Amino acid sequence: MILKKLLENEKIKPYVQFVKFGLVGVSNNVVYYLLYAAIIFLLRGLAWKQDYILANVIAFTISIFWSFYWNNKFVFKKDENNRRNMWQALGKCFLSYGFTGYILENILSYIWIERIGISKYLAPLLNLVFTLPVNFLLNKLWAFKDKN
């Protein structure tokens, strides 16, 4: 009872949301990384040096649906009296994750892999340092923002 009141306190609500977003993000990144590694593994016979880009695009697209579902249900959920336009929220979610996942992730991966020489299996993990806070802000302030 005391913990519930504390967690519903408006002053700490953004911090609780960030922690929840982080938990969803961990599960999302497990889904993403397993798909990414599996695709890299499946493409290993091809002589294509940038296989990590295709793996990133496919894995990230699937993981966006995973993330959207859990962020909508767990992190930025609406109360029973309010409804969210799901298509609009999903579209905004795709755009916000699209920026970080398709653009920022591929640029950072190119730098880590091609310029610095870091393993293509490690690069996506390094990208999290940059993409997690950006994704949280884009989702909180835009994709799942309540209209006031």
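## Overall fold

Reading along the sequence, the protein chain runs α-α-α-α-α, with five helices and zero strands. Helices here are DSSP runs of H or I with at least four residues, strands are E runs of at least two, and both are numbered from the N terminus. This is a predicted model, in which local features need pLDDT of at least 70 and side-chain atom pairs count only at pLDDT 80 or more, while totals for chains, interfaces and linings use all residues. Residues are numbered from 1 along each chain as its sequence is written, and side-chain values use heavy atoms, with hydrogens and water left out.

Of the 148 residues in the protein chain, 35% are buried. Buried means under 20% relative accessible area, exposed means over 50%, and partly exposed is in between, using a 1.4 Å probe on protein chains only. As for contacts (heavy atoms within 4.5 Å), take those with a separation of 6 or more: 73% of them join residues 24 or more positions apart.

## The nonpolar core

The largest nonpolar core has 26 residues, and the ones touching the most other members are Phe21, Tyr36, Phe68, Phe76, Cys93, Tyr97 and Phe144. Two or more residues each come from α2 (13-42), α3 (51-75), α4 (86-116) and α5 (123-143). A core of this kind is a set of buried Ala, Val, Leu, Ile, Met, Phe, Trp, Tyr and Cys residues joined through side-chain atoms within 4.5 Å.

Cysteine 93 is a handy place to look around. Leaving out neighbours within four places in sequence, Cys93 is in contact with Phe68, Gly98, Asn139, Ala143 and Phe144.

## α2 against α3

The axes of α2 and α3 come within 8 Å and cross at roughly 150°. Axes are lines fitted to C-alpha atoms, for helices over the stretch in contact, and angles run from 0 to 180 degrees between N-to-C directions. The two helices are therefore roughly antiparallel to each other; the cut-offs are under 35 degrees for roughly parallel, over 145 for roughly antiparallel, 65 to 115 for roughly perpendicular, and oblique for the rest.

The crossing of α2 and α3 is right-handed, and the contact divides into 19 nonpolar, seven polar and two charged residues. For these classes, Ala, Val, Leu, Ile, Met, Phe, Trp, Tyr, Cys and Pro count as nonpolar, Asp, Glu, Lys and Arg as charged, and the others, Gly among them, as polar. A crossing is right-handed if the near helix is turned clockwise from the far one by less than a right angle, and left-handed if anticlockwise.

Asparagine 28 sits in α2 and is buried, with a relative accessible area of 7%. Beyond its neighbours within four places in sequence, Asn28 is in contact with Ser63, Ile64, Trp66 and Ser67.

## α4 against α5

Over at the other pair, the axes of α4 and α5 come within 9 Å and cross at roughly 155°, which makes α4 roughly antiparallel to α5. Their crossing is right-handed, and the contact has 16 nonpolar, seven polar and two charged residues.

Not counting residues up to four places away in sequence, Leu104 touches Phe99 and Thr131, while Thr131 touches Thr100, Leu104 and Glu105. Threonine 131 counts as buried, at 3% relative accessibility.
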